[in-house]
Amino acid sequence: MLTTAASVPSSVSNDPLRGTGLYRYKQIIEQMDGIGQTAPAASMNDPIVINVSGKRFETYEETLARFPDTLLGSPNRRAKFFNPKKGEYFFDRHRSAFDAVLYYYQAGGTLIRPEHVPPHVFVNEAIFYDLPEEALNQVQQEAGIVDEPEEKVLPKNYYINVMWQTLEYPEYSLLAKCLAIFSVVIIVFSLIIFCVETLPQFAPPPKPSNASADWEANDPYAKTWFQLNTFVIAWFTGEYILRFLCAPEKIKFLISSLNIIDLLSILPYYVQLAIDDGGSSSISVLRVVRVVRVFRVFKLSRHSRGLQILGNTLRASLNELLMLMFFLGIGVTIFASCVYYAEGGIDSDFASIPHSFWWAVVTMTTVGYGDISPTTFWGKIVGALCAISGVLTIALPVPVIVSNFENFYNKEVNRRKEEQLRKEEEERKRQQEKMERSKNKDEKSSRGILVCGVNGCDEPPNPVAQTTV
């Protein structure tokens with residue numbers, strides 16, 4: 001008689017139930033686990049019947065085996081859904097969505113969402129059947145749920161990389177979030193200055209009639225406004241230069257729409273300085289320069305997801321907006337000509353067809369200022385037709401624009417959900433690591449102590465598995 005021994009793993013020897021009757025019962029249950037839930041072994045050419053909420057589908061094992069990592073492609077994973085009485089697999093899931101799921105296996109990896117199945121329902125079904133993530137992302141992108149992932153191009157230098165992500169991505173760190181909040185405060189502060197300095201209380205005194213040619217207005221608030229604007233522009237300029245120096249792609253940085261807006265909000269200050277130093281300041285030029293400062297309001301779009309959604313909607317609806325402008329242009333030309341010949345005259349408000357354009361625009365857009373209006377019978381008929389045509393013209397492209405806005409809004413909602421899930425997952429991992437560290441600490445403190453159960457140690461601490469030949 002030959003006996004061989006093999007030591008049992010430490011995880012088994014450390015089981016607190018070892019040596020009790022409950023431990024033996026646990027071993028029997030683990031050995032019997034899965035009995036009655038396994039499907040009969042089938043060859044690749046045998047048909048497989050799949051029942052999805054009462055609708056039966058038939059396919060081959062060879063078809064499902066093309067993707068063994070999925071739920072249907074793995075015989076062991078789908079075994080728990082097997083019904084031995086009917087000899088079929090039963091899934092209490094969405095029937096219409098399963099047509100596309102089964103076609104994914106038949107087509108060799110092409111996942112097409114049925115039009116009558118909502119995107120979120122189809123995505124949940126694809127997740128349940130554990131289809132590959134690439135196919136799932138493609139369906140979500142086609143449905144407008146998520147954007148195509150963009151690969152971040154980061155600087156290779158570590159310190160420049162940290163500076164770039166701190167300035168560009170507020171979610172990178174707490175410092176980045178604080179800088180983004182401070183930048184928003186500066187932008188709002190600059191807009192308040194832009195508006196407040198035009199109040200009559202802060203206006204410079206008017207030039208007297210008997211003033212000499214070299215008279216200069218003594219504005220008591222000019223120095224204050226200059227200092228405040230200098231502080232704002234110093235922050236904007238420093239931020240722009242730092243981001244440009246840290247940018248991994250300089251050309252792409254310069255032609256970016258948000259960076260162009262940043263540059264337009266900075267340049268008027270330096271242009272005004274150059275004009276004042278040159279001594280050839282013109283009222284019209286200064287007004288244009290000051291008007292350009294209003295572009296600072298668009299700097300908020302860098303930190304506001306709502307403004308970004310609006311901008312993306314307008315960019316995606318550019319063709320529809322151009323079509324709207326084209327239709328309005330045709331309508332304005334037609335009705336301005338008609339109202340001119342119906343109302344036109346020397347003493348009339350419709351002195352010419354170009355003069356009638358203003359009336360046609362405000363009427364087609366249903367604004368109706370009432371500054372000019374037709375008075376004759378035929379002129380009123382033209383005005384009524386103009387208003388009705390304007391309502392119909394504007395209403396045509398609106399559903400497309402609303403649909404684009406809804407798509408971008410849904411993407412933003414999904415992005416927030418994914419970010420929230422990611423934070424919860426990170427928090428769960430931190431808690432799990434904390435519990436593991438605490439458990440390891442307790443095990444180290446109690447190492448070397450052996451405690452037997454209440455019923456006694458029925459088996460030795462280090463049992464051996466005996467084999468008799």
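Is the crossing of H8 and H10 left-handed or right-handed? The crossing is left-handed, a term used when the near helix is turned anticlockwise from the far one by less than a right angle, with right-handed meaning clockwise. The model is predicted, so local features need pLDDT of at least 70 and side-chain atom pairs count only at pLDDT 80 or more, while totals for chains, interfaces and linings use all residues. Residues are numbered from 1 along each chain as its sequence is written, and side-chain values use heavy atoms, leaving out hydrogens and water.

Helices (H or I, at least four residues) and strands (E, at least two) are DSSP runs, numbered from the N terminus. Helix H8 spans residues 158-168 and helix H10 residues 222-246; their axes come within 9 Å and cross at roughly 135°. Axes are lines fitted to C-alpha atoms, for helices over the stretch in contact, and angles run from 0 to 180 degrees between N-to-C directions. That angle makes H8 oblique to H10; under 35 degrees counts as roughly parallel, over 145 as roughly antiparallel, 65 to 115 as roughly perpendicular and the rest as oblique. In the contact (heavy atoms within 4.5 Å), H8 supplies Ile160, Met163, Trp164, Leu167 and Glu168, and H10 supplies Leu242, Arg243 and Cys246. These residues divide into 6 nonpolar, no polar and 2 charged. Here Ala, Val, Leu, Ile, Met, Phe, Trp, Tyr, Cys and Pro count as nonpolar, Asp, Glu, Lys and Arg as charged, and the others, Gly among them, as polar.

H10 also meets helix H9 (residues 174-196), with axes that come within 10 Å and cross at roughly 145°. This crossing is left-handed. Among the residues in contact are Phe182, Ile186 and Phe189 of H9 and Leu228, Trp235 and Glu239 of H10. The H9 and H10 contact residues divide into 13 nonpolar, 3 polar and 1 charged.

An unreviewed UniProt entry lists "transmembrane region" for several spans, including 225-246 and 321-342; positions follow the numbering used here, feature names are shortened, and annotations may be inferred rather than shown by experiment. In the model, residues 225-246 are 100% helix, with end C-alpha atoms 32 Å apart. Residues 321-342 are also 100% helix, and their end C-alpha atoms lie 31 Å apart.

Elsewhere, 4 strands form an open sheet of mixed pairing in the order S3-S2-S5-S4. Strands S3 (55-60) and S4 (82-83) stand at the edges with a single partner strand each, so one side of each has no neighbour in the sheet. S4 pairs with S5 (residues 88-91) in the antiparallel sense over 2 bridges, and pairing requires at least two bridges found by DSSP.
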